[in-house]
Amino acid sequence: MKFPTVEWFEALEAQAEKNSDTFRRLGYCEALVGVKVVAENGQQRDRSFLLTFNGYSCNSVEEVDNIEHAADFVMEATFGTWKEMIENITANGGPDLSHTLNYLVMPGVPIKVTSRDQLKDDVFSRFISTFQEFFDGAQHVQTEFSG
Amino acid sequence: MVSPVTDTIYNSDQKEYIEGLNRGTFDLQWLKDERPTFGVHAKPKNPERGLTMQDINAAFAGEPEEAPTTRVMAPRGSIVDDDAPDMGYEYNEKYLLWSDNVVALYEEATARQWSATRDIPWDKLKKLPDDLERAQCQIATFLSEVEMIASDFPAKWLWQMNQHYHEVKMFLCTQAMDEARHLEVFRKRALANGGGLMRCLTGTEQFLKTILHAPTYVQGSFLMHVLGEGLVLDIFRGGEFLAHNETEKEIYRLCMQDEARHVSYGTMHLKYFLEHHPDREKALADMHNLADIAEMGIPGFLTNPFIIEPLAVLMGGGVKHIDQGMDAVRLVWGRMREEYLSRCELAGMDRRARTRIPAEAPY
């Protein structure tokens, strides 16, 4: 499955479905999460994906242009940063201590979070366990990096 | 054989009713009353989620009144006897306690509860070098100390809030439970890996007392939900960042979720309060004055060696590298200030030109 594509995120969605007991225990989640993959090393363009969480996990993914207007918050990082995070999750059966979402976001680098206002920004914290579990599903997806 | 109706147990109305029952006559007034909610069939908007408070509010009695005339515990939408006793509620106007996100936050809170016993991987707690264990335990002690204020504070005000606004009271009950769990999880962390409970400081106790004894709910809510819990949310995020094992990662991650809900309520309550206050200018001036004083505590908090040095030791990976670790403290300082100012701004109280919190850490 190629990253970054809608299909790759849908594969995570499918993994979450297989792991539904865990997601149900974490609780209901209502959030519009933006993931922006910034092009580097000759890649042609940035890619942005809107992940809609309106249930126990993500239930739809679409590629959008103006992600900042569509999402509650946007996690923006270079292709290489996302690649490293996914590879780390895959290699360790989950992220090691320095590759969790909050770890990568907290200092503002390498993942930058932007939002329209602070209330939207706080959505990241309110559902962090669900988001982390969702990305942890990458360990079960055969990922091909299309950079 | 029917028992005799004695004078010492039943009043005259009850005796009359019992005598009627013994003759086979029932009252049945409850079947004849007007039923404001008759015919309401609230349905789950999302069957996977279930029937939410938003669903029943959408079906009936969604918007509470600005100022209900009754002071009773009877649920909004029910029929109340005219002579029902006054409960002595002092918060009888919506703007004094409401926030537009409180119903959703209540549902979110009940759906995302967790157990400090079951949901933390305690078996992954690893032995740490003494300085790191002490640093973690100093922070855990501090958090065990401060978190219950957010249980005590709502408990103090709950009985004074008109039950017409039951959603606010229900949300504050979830907050009280959240904070009980935070005390529990940090106390467990302190006592689970050899470090133990460490120092509690006078200054911290003084700040907690200020919150607990705030003269009005909105003042206390601002001090606690917006200023205090906003700061603690950043400490939780920092705690996840600095964690040295999966146990601590999970503790801080789960606490982050709870704390962010409380901050969201507080921010939106302040906004509602200011937007609906009958004398908005005065209310805004009063809240600015409160913030002027309260913010002066933040530099003191972030120059307290019992708070910043453990953070720096965890960041640096040990006391030998504490200098490097001070980067984390500067980061928390900057984040806390910016997020606090952004929340105030969102609530309609722009503090950017007025704040007493220095933009950068003085070290």
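Start with helix α1, residues 6-18 of chain A. This helix lies across two strands of chain A, β3 (47-55) and β4. Against β4(A), α1 runs at about 175 degrees. Keep in mind that what we are looking at is a predicted model.

Now the sheet that those strands belong to. Five strands of chain A form an open sheet, and the order across it is β4-β3-β2-β5-β6. The pairing is mixed. Which strands stand at the edges? They are β4 (58-63) and β6 (112-115) of chain A. Each of these has a single partner strand, so one side of each has no neighbour in the sheet. From one strand to the next, the twist averages 20 degrees.

Take one of those pairings in detail. Strand β5, residues 73-78 of chain A, pairs with β6(A) in the antiparallel sense, over four bridges. To find the place on your screen, look for A:Val74, which stands opposite A:Thr114 in β6(A).

Helix α4, residues 79-92 of chain A, lies across β2 (29-38) and β5 of chain A. The angle between α4 and β5(A) is about 95 degrees.

Which residues of α4(A) are buried? They are A:Phe79, A:Thr81, A:Trp82, A:Met85, A:Ile86 and A:Ile89. The buried residues of this helix pack against β1 (2-3), β2 and β5 of chain A, and also against the helices α5 (101-105) and α8 (128-136) of chain A. After α4(A) comes A:Gly93, with a positive phi near 65 degrees.

Finally, the whole chain. Chain A has eight helices and seven strands. Along its principal axes, the C-alpha trace spans about 40 × 35 × 30 Å. How does the radius of gyration fit a compact globule? For 147 residues, such a globule would have a value near 15 Å, and chain A has 14 Å, which agrees. Of the 147 residues in chain A, 46% are buried.

One last number concerns contacts. Count the contacts in chain A between residues at least 6 apart in sequence, and 72% of them join residues at least 24 apart.

Note on methods: Residues numbered from 1 in each chain as written. Chains lettered and ligands numbered in written order. Predicted model: local features only at pLDDT ≥ 70, side-chain atom pairs only at ≥ 80, totals over all residues. Rg over C-alpha atoms; globule rule 2.2 N^0.38 Å. Buried ≥ 20, exposed ≤ 12 C-beta atoms within 10 Å, placed from the backbone. Contact = placed C-beta atoms within 7 Å. Pairing = 2+ DSSP bridges. Axes fitted to C-alpha atoms, helices over the stretch in contact; angles between N-to-C directions.
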